[in-house]
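Subject: Structure handover

Hello,

Please find the structure below. My notes on it follow.

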Amino acid sequence: MKKIPYLKWRERLNDSIPPDHRIGTDVMLVDNANSSNIQKSHTEPFKVDMTMAIIYKKGTTRTRINMVEYNIVAPCVIIVVNDSVYQPLESSDDLISKAIVMSRSFSDSLFTNFGNYKPIYNTIVSNPVIFIDNDTIAFDFFYDLLLNLMRSPHRELALESARHLTLSMFYGYCAVRQGVMNNNKVASRQESICSEFIDVLSHNYKEQRDVAFYADRLCITPKYLSQIVKDKIGKTASEVIEEYVIEESKALLISTTMTIQQISDELHFPSQSVFGKYFKRVTGLSPREYRTSFE
């Protein structure tokens with residue numbers, strides 16, 4: 001199968017970054033991320049094959065990360081890790097942002113080679129967005145340190161230095177995030193149930209599409225779960241489950257070279273035919289028609 005067009009965003013980004021804003025293809029700095037190929041005009045979900053830390057300085061944007069929608073008002077920082085489903089929706093004309101983009105091998109080395117990495121990774125995945133004020137200065141500082149490192153004539157240890165700087169930035173992100181969480185009000189019982197539902201769903205939607213499964217995990221009835229989710233999100237529990245499955249399907253169709261049978265297997269459908277009917281019922285297109293529309 002030929003390469004899926006949406007994967008080319010990475011190639012265009014790679015071609016547009018000057019030598020003094022990069023360390024090979026491992027770490028790249030984007031001065032104006034909103035005008036780059038990170039966030040072009042398409043609004044379809046796709047799988048991200050790099051880790052991105054985007055610092056928003058001005059303006060507003062609406063983005064979905066792993067099926068959760070975020071209304072972002074600068075100043076703000078988001079971190080999107082490898083294999084996330086990323087969907088930029090719309091942005092204001094005055095949006096100003098910059099980004100640190102890391103290859104898969106680089107970010108994987110951060111989370112496997114340094115200390116107790118798992119809590120850091122889990123915090124980032126479950127909380128990819130933090131709204132900040134004065135703390136933007138700290139993230140600007142990390143960006144500038146990386147830029148100075150890339151522009152230095154002494155680059156023998158540039159990659160290793162970048163690893164430590166980036167890991168420090170992630171630690172700082174988690175510390176700021178913890179401070180934000182400590183200042184938040186205590187969630188109501190219904191808010192907690194809805195949050196727990198989304199958490200369980202995010203780990204099980206590929207295998208489980210039955211509301212009863214999630215209600216059982218939360219020790220409530222399916223009817224009560226759907227009522228709470230409807231009140232808090234505006235959709236029933238089954239609609240939210242369906243959305244997770246379809247968004248993952250779309251991302252796999254347009255940003256990977258997996259066959260439709262492989263995608264069906266990945267999402268634990270009993271057959272490609274059942275997957276095709278499920279997808280078409282929701283989107284109005286067969287998986288093949290949807291994929292072809294982006295070629």
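In which loop is H268 found? H268 is in the loop between α10 (260–266) and α11 (272–283). I come back to that residue further down.

Some conventions come before the rest. This is a predicted model, in which local features need pLDDT of at least 70 and side-chain atom pairs count only at pLDDT 80 or more, while totals for chains, interfaces and linings use all residues. Residues are numbered from 1 along each chain as its sequence is written, and side-chain values use heavy atoms, with hydrogens and water left out.

Overall

The chain has 12 helices and 10 strands. Helices (H or I, at least four residues) and strands (E, at least two) are DSSP runs, numbered from the N terminus. Of the 295 residues, 47% count as buried; buried means under 20% relative accessible area, exposed over 50%, and partly exposed in between (1.4 Å probe, protein chains only). The accessible surface of the chain comes to about 14,200 Å², and carbon and sulfur atoms hold 51% of that. These areas come from the Shrake-Rupley method with a 1.4 Å probe; for residues, only the protein chains shown count as cover. Among contacts (heavy atoms within 4.5 Å) between residues at least 6 apart in sequence, 72% join residues at least 24 apart.

The sheet

Six strands form an open sheet in the order β1-β2-β9-β4-β7-β10, with antiparallel pairing. Its edge strands are β1 (22–23) and β10 (129–131), each of which pairs on one side only. Two strands pair if DSSP finds at least two bridges between them. For β2 (residues 27–30) and β9 (residues 96–102), there are 4 bridges in the antiparallel sense, and L29 stands opposite I100 in β9.

Helix α8

Helix α8 (residues 222–233) has 12 residues and spans 16 Å from its first C-alpha to its last, close to the 16 Å expected at 1.5 Å a residue. The expected span is 1.5 Å times one less than the number of residues. L225, I228 and V229 are buried in α8. They cover an arc of only 95° around the axis, which puts them on the same side of α8; the arc is that of the directions from the helix axis to the C-beta atoms. An α-helix has 3.6 residues a turn, so residues three or four places apart point the same way. K223 and D231, on the other side of α8, are exposed. The cover over the buried residues of α8 includes α6 (189–204), α7 (211–217) and α9 (237–255). After α8 comes G234, with a positive phi near 90°.

Backbone exceptions

Most residues other than glycine have a negative phi, and most peptide bonds are trans. The peptide bond joining A74 and P75 is cis, with omega about 5°. P75 lies in the loop between β6 (68–73) and β7 (76–80). D83 is not a glycine but has a positive phi of about 70°. Its place is the loop between β7 and β8 (85–91), and D83 is partly exposed at 41% relative accessible area. H268 is likewise not a glycine and has a positive phi of about 60°; H268 is partly exposed, with a relative accessible area of 44%.

One more residue

S109 sits in helix α2 (residues 104–113). S109 counts as buried because its relative accessibility is 10%. S109 and R163 are 54 residues apart in sequence and 8.2 Å apart in space, C-alpha to C-alpha.

Regards
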